[in-house]
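Subject: Structure handover and notes

Dear colleague,

I am passing on the structure we spoke about, together with some notes on what came out of it. Please keep the view open while you read, so that each residue can be found as it comes up.

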There are 2 protein chains.
Amino acid sequence: MFIGAQVSLYPMTSDFVDVVKSGLTALTPYTDDLRIETDDMSTLMVGAPEPLLDAIRDLFAEAARRPEHVTMHVTLSRGCPGEPDDPSCHCEALVRAQDLLLEDRKALASEAVAAAPDLGVGIDVQFSLYVLGQDHHMDEIYGCIDFLKASGTFLKSKNFCTRLRGDAGAVFETLRQAFLRFGPAEGHVTIDLTASANSPSLR
Amino acid sequence: MFIGAQVSLYPMTSDFVDVVKSGLTALTPYTDDLRIETDDMSTLMVGAPEPLLDAIRDLFAEAARRPEHVTMHVTLSRGCPGEPDDPSCHCEALVRAQDLLLEDRKALASEAVAAAPDLGVGIDVQFSLYVLGQDHHMDEIYGCIDFLKASGTFLKSKNFCTRLRGDAGAVFETLRQAFLRFGPAEGHVTIDLTASANSPSLR
């Protein structure tokens, strides 16, 4: 299994270079567990979902603690058939999910969100979950939507995506659970995600 | 068939509100052909791929003509089983593609890119194409990658996505063709796309 993300931070300020650089320092605790490579468009992070989503969450929370409007785009992927197997991406939750029914996976996902830490940073997210390479992909999507609606972070459905709102801790746990618990454990699943904080549209 | 996009423009300047507002004026020629609705996170555009990709292209090109670094995120979707049929999304190219072999679709896609207008705006793009709800989705992905590599806008492959570079006219035509010509004509296909212009990382 190969798991990772392409992550881009977009601070809406003329000081965006400083905000991006200081945001990237939030990744320091994760450099042992993740492969991290930055180019001119995004930062690649490869590793298991536990450190991966924690790192993405902390990167965005660090930038969102500043007063400026900031957004982030993330392309998350697991199990892409075109990527090589990588032992650093091993995820016990995925292995154990192999034989679980959709209802059980929804319950585990809800428990994880309830146990998420409170980071004291309110954020907005919209995202799309894609389950690839199987005929009944919409069953898994609808199961995931059930989980989302009961998660405490659900804001509304939009065309092509779902809106979440809440503390960064609960919101990113919701995203990790959506990514891990829906779609086949060994299958190809991706998420297209944008996060936003301090938007003047909400003032 | 329901076709559309969620589009967000991110100008990396403290004047971002002005840049977004002036960028949105580029959509005026398309208001007859597209349903356009803006909220605090993105602008929904619904309609056929011809005006849809032209509008997204012109929005980004308008913002990229300014000196500031600007990026855009787009979630494109066609044929989502959860969305209602919409006659305004009717696309003759999709209907005709129904019976075409992968090789023929690659050739038509290349012809379209060669005929794209030159907008005089250089941009970078990275994107992922997702073909949902069928077992052999990677065949279509690999066919699309063949087309991309010969398109003249291909820069490189990255984990989870493909980088394009070139004039906004050719790059957005490449994206439209990837969106239209690969994956079943009546199937569920999405693109997760980020565009960038005037990045200081490239100076």
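In helix 1 of chain A, which runs over residues 16-24, the buried residues are A:F16, A:V19 and A:G23. These three cover an arc of only 60° around the axis, and therefore they sit on the same side of the helix. A:D18 and A:K21, by contrast, are exposed on the other side of helix 1 of chain A. If you look for what covers the buried residues of this helix, you will find that it includes strand 1 (3-11) and helix 2 (49-64) of chain A. Please bear in mind throughout that this is a predicted model.

The next element to look at is strand 8 of chain A, residues 188-197, where 10 of the 10 residues are buried, so the strand is largely enclosed by the rest of the structure. Which residues point one way from this strand, and which the other way? A:H188, A:T190, A:D192, A:T194 and A:S196 point one way, while A:V189, A:I191, A:L193, A:A195 and A:A197 point the other way, and all of them are buried. Strand 8 of chain A pairs in the antiparallel sense with strand 4 (residues 70-78) of chain A, over nine bridges, and within that pairing A:H73 has A:T194 as its bridge partner. Strand 8 of chain A also pairs with strand 5 (residues 122-132) of chain A, again in the antiparallel sense and over nine bridges; here A:L129 stands opposite A:I191.

Now to the charged side chains. Over all chains, the structure holds 32 salt bridges. One of them joins A:R176 to A:D54, with the closest N and O atoms 3.0 Å apart. This pair links distant parts of the chain, since A:R176 belongs to helix 6 (residues 168-181) of chain A and A:D54 to helix 2 of chain A, 122 residues apart. Is A:R176 buried or exposed? Its relative accessible area is 9%, which is under the 20% limit, and A:R176 therefore counts as buried.

Two salt bridges in chain B can be set beside that one. B:D54 forms a salt bridge with B:R57, the closest N and O atoms being 3.4 Å apart, and both B:D54 and B:R57 are buried. Why are B:D54 and B:R57 separated by about one helical turn? They are three residues apart in helix 2 (residues 49-64) of chain B, and the separation is therefore about one helical turn. An α-helix has 3.6 residues a turn, so residues three or four places apart point the same way. The other salt bridge is the one in which the side chains of B:R35 and B:E37 meet, at 2.7 Å from N to O. B:R35 counts as partly exposed, at 34% relative accessibility, and B:E37 likewise counts as partly exposed, at 38%.

The two chains can also be considered together. A rotation of 180°, with 0.0 Å of shift along its axis, superposes chain A on chain B with an RMSD of 0.0 Å, and that is the relation of a two-fold axis. The same surface serves both copies, in that 100% of the contact residues of chain A recur in chain B.

How many residues of chain A are in contact with chain B? There are 58 of them, and they are in contact with 58 residues of chain B. The two chains bury about 4,400 Å² between them, and 61% of this area is on carbon and sulfur atoms. In chain A, the residues that lose the most area to chain B are A:D40, A:M41 and A:F160, which together account for 18% of what that side buries.

Eight salt bridges are found across the interface of chain A and chain B. A:D39 forms a salt bridge with B:K156, where the closest N and O atoms are 3.9 Å apart. Both of these residues also belong to a network of salt bridges that links A:D39, A:D40, B:D124, B:K156, B:K158, B:R163 and B:R165.

A:A107 is partly exposed, with a relative accessible area of 38%. A:A107 and A:F147 are 40 residues apart in sequence, while their C-alpha atoms are 7.9 Å apart in space.

With best wishes

Key. Residues numbered from 1 in each chain as written. Chains lettered and ligands numbered in written order. Predicted model: local features only at pLDDT ≥ 70, side-chain atom pairs only at ≥ 80, totals over all residues. Heavy atoms only, no water. Buried < 20%, exposed > 50% of the residue type's maximum accessible area, 1.4 Å probe, protein only. Helix = DSSP H or I, 4+ residues; strand = E, 2+ residues; numbered from the N terminus. Arc of directions from axis to C-beta. Contact = heavy atoms within 4.5 Å. Salt bridge = Lys/Arg side-chain N within 4 Å of Asp/Glu carboxyl O. Least-squares fit on C-alpha atoms with pLDDT ≥ 70 in both. Pairing = 2+ DSSP bridges. Buried area = accessible area lost by both parts, 1.4 Å probe.
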